[in-house]
Amino acid sequence: MSNIIETQHVDFYYGNFKALRNINIDIPEKAVTAFIGPSGCGKSTLLRLYNRMNDLVDGAKLEGKILIDGEDIYDKKIIVEELRKKVGMVFQKPNPFPKSIFENVAYGLKVQGMKNKTELENRVEDALKKAALWEEVQAVLDKSALQLSGGQQQRLCIARCLAINPEIILMDEPASALDPISTAKIEELILQLKDRYTIVIVTHNMQQAVRVSSKTAFFYLGELVEFNDTNIIFENPERIETRNYVTGKFG
Amino acid sequence: MTAAKKQQIAFLIIRTLSILVVGILFVILGFIIIRGIGVINWDFISKMPEEGMLEGGILPAIIGTLYLIAGSILFAFPIGVMSGIYMNEYLKDGPAKRFVRLMTDNLAGVPSIVFGLFGMALFVNKLKFGDSLLAGSLTLGLLALPVIIRTTEEALKAIDDTYRHASYAMGASKLHTIKKIILPAAFPNIITGLILSIGRVSGETAPILFTVAAYFLPRLPHSMFDQAMALPYHLYVLATSGTDIDKARPIAYGTALILIIIVLICNLMANLIRKIQRK
């Protein structure tokens, strides 16, 4: 299994606050990697470095290197819009646009300049099928996406992300705002997608990490404490901090 | 006194005051309708004024006001919306933004007669537009600008950042995001700003006094460099000067009623646009 993302000696600051300290972690291709750790440990910050969403934050500063497909994504010649087409993101709160279901999924394609109606329709259908939402919405594609349930909205956001065929999908606590049944559907979906996409998922739900990921990274106070196969992290971690966290002794 | 009792009394006061406000509005409207409806007929809105404005209709004033509304909005709406976009989407929080906001707020509070004087100095005299629809429209447009800028800014601010982030994460540029996501979502509230400014523009007398308004001009304007009559000024003239003020009174009420109806129609049209856009 080769690594698609290489994180080398990354320090990251929000103004004077050092949010990440010397992070070195390589993310395997076409597998699910989970980031766990208590709130404020830096796991979401690291995730947002991979598609440069932290560029939007004033006073953010990065030291070190992040390579995706061997390319330094913070290099000056990188066009950030192009990077984000390759590295998609699903957010914590479902955030479909206030547009129709169809328009939501077609959005990224239209951003890329796709105009052909048949092609758009095929790609939208394809993405919705991959996101296991097609059966539920095929009759109501013209309806507002905001009328869907929270779980459906989140799967729509995943479909929207899949439509532009990213290599990597970043998921920032994608199920934390959802009920257990919707959560189960999202997890099932992640398992269906993992052979085709590289998925990095931030989660507070440790059972979720066990269920969906093959590797898990534990972060604490801006540092990467331990990174290993998920079953090792949860059954036989090297570090006492990891053991305490995954057994619920703190966090 | 119990908390429940206190609450009852508080709501009673609030309700009474609300009813009072709405009531006053209806009294004003009713008063104008009752006094003005008698003179309104097809001739009144389709004919030129005659006999020292005591006979005939008020067509040139209606047309003049419509031109002024259209002209000022055509000038102020695009500039105002773009300024609002710049304020909210591009300008970062800091002294510059606070300064611009303070200035727009102050501009909104400047008495309209001052706008009138400024319009006369700049558009009529300096730029040599003369007393004209162009000068009047620009002056009224300046008056409407702060309202449009601020409502646009507030409308954009109300759009949740998660939409912006979702769009950026799809590889969309900032401009594309504003065009396709932010503006459409903010559109209904921007239209509210438009409605407010149409209301203001159509009723103002002072800014047009020295820039466009003609006392008596029984023909339609030929071009944007022509003078024109306008409803609010016509109303003022009818109420204060003329050969027979008592005889002019019903015509004044009729004119007021027409002005209100025009504003009402503009609002309805804006609401219609808002509804269509929402679909």
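Let me start with a single side chain: at 35% relative accessibility, Glu121(A) counts as partly exposed. This is a predicted model, so please hear everything that follows as computed from that prediction. The partner of Glu121(A) is Lys117(A), and the two form a salt bridge whose closest N and O atoms are 3.5 Å apart. Both residues lie in helix α4 of chain A, residues 117-130, where they sit four residues apart, about one turn of the helix. Lys117(A), for its part, is exposed, with a relative accessible area of 61%.

Lys157(B) and Glu154(B) meet through their side chains in a salt bridge of 3.6 Å, N to O, and because they are three residues apart in helix α6 of chain B, about one helical turn separates them. Lys157(B) is partly exposed at 43%, and Glu154(B) is also classed as partly exposed, at 36%. These two residues belong to a network of salt bridges that also links Arg101(B), Asp105(B), Arg150(B) and Glu153(B).

Is Arg150(B) buried or exposed? With a relative accessible area of 18%, Arg150(B) is buried, since the cut-off for that class is under 20%. Its side chain is joined to that of Asp105(B) by a polar contact of 2.6 Å, and, if we leave aside neighbours within four places in sequence, Arg150(B) is in contact with Arg101(B), Thr104(B) and Asp105(B).

Now to the interface. Chain A and chain B bury about 1,700 Å² between them, with 67% of it on carbon and sulfur atoms, and the contact takes 23 residues from chain A and 18 residues from chain B. Across this interface one salt bridge is found, in which the side chains of Asp58(A) and Lys92(B) meet at 3.7 Å, N to O. On the side of chain A that touches chain B, α2 (80-86), β6 (87-90), α3 (101-111) and α6 (150-163) of chain A each supply at least two residues, and the residues of that side divide into 13 nonpolar, three polar and seven charged.

Finally, the sheet in chain A: four strands form an open sheet in the order β2-β1-β4-β5, with antiparallel pairing. Here β2 (17-28) and β5 (71-72) stand at the edges, each with a single partner strand, so one side of each is left without a neighbour in the sheet. Strand β1, residues 3-14, pairs with β2(A) over eight bridges, and Ile5(A) has Ile27(A) in β2(A) as its bridge partner.

How values were computed: Residues numbered from 1 in each chain as written. Chains lettered and ligands numbered in written order. Predicted model: local features only at pLDDT ≥ 70, side-chain atom pairs only at ≥ 80, totals over all residues. Heavy atoms only, no water. Pairing = 2+ DSSP bridges. Contact = heavy atoms within 4.5 Å. Buried area = accessible area lost by both parts, 1.4 Å probe. Salt bridge = Lys/Arg side-chain N within 4 Å of Asp/Glu carboxyl O. Nonpolar A, V, L, I, M, F, W, Y, C, P; charged D, E, K, R; others polar. Buried < 20%, exposed > 50% of the residue type's maximum accessible area, 1.4 Å probe, protein only. Polar contact = N/O pair within 3.5 Å; in protein donor to acceptor, adjacent residues only side chain to side chain.
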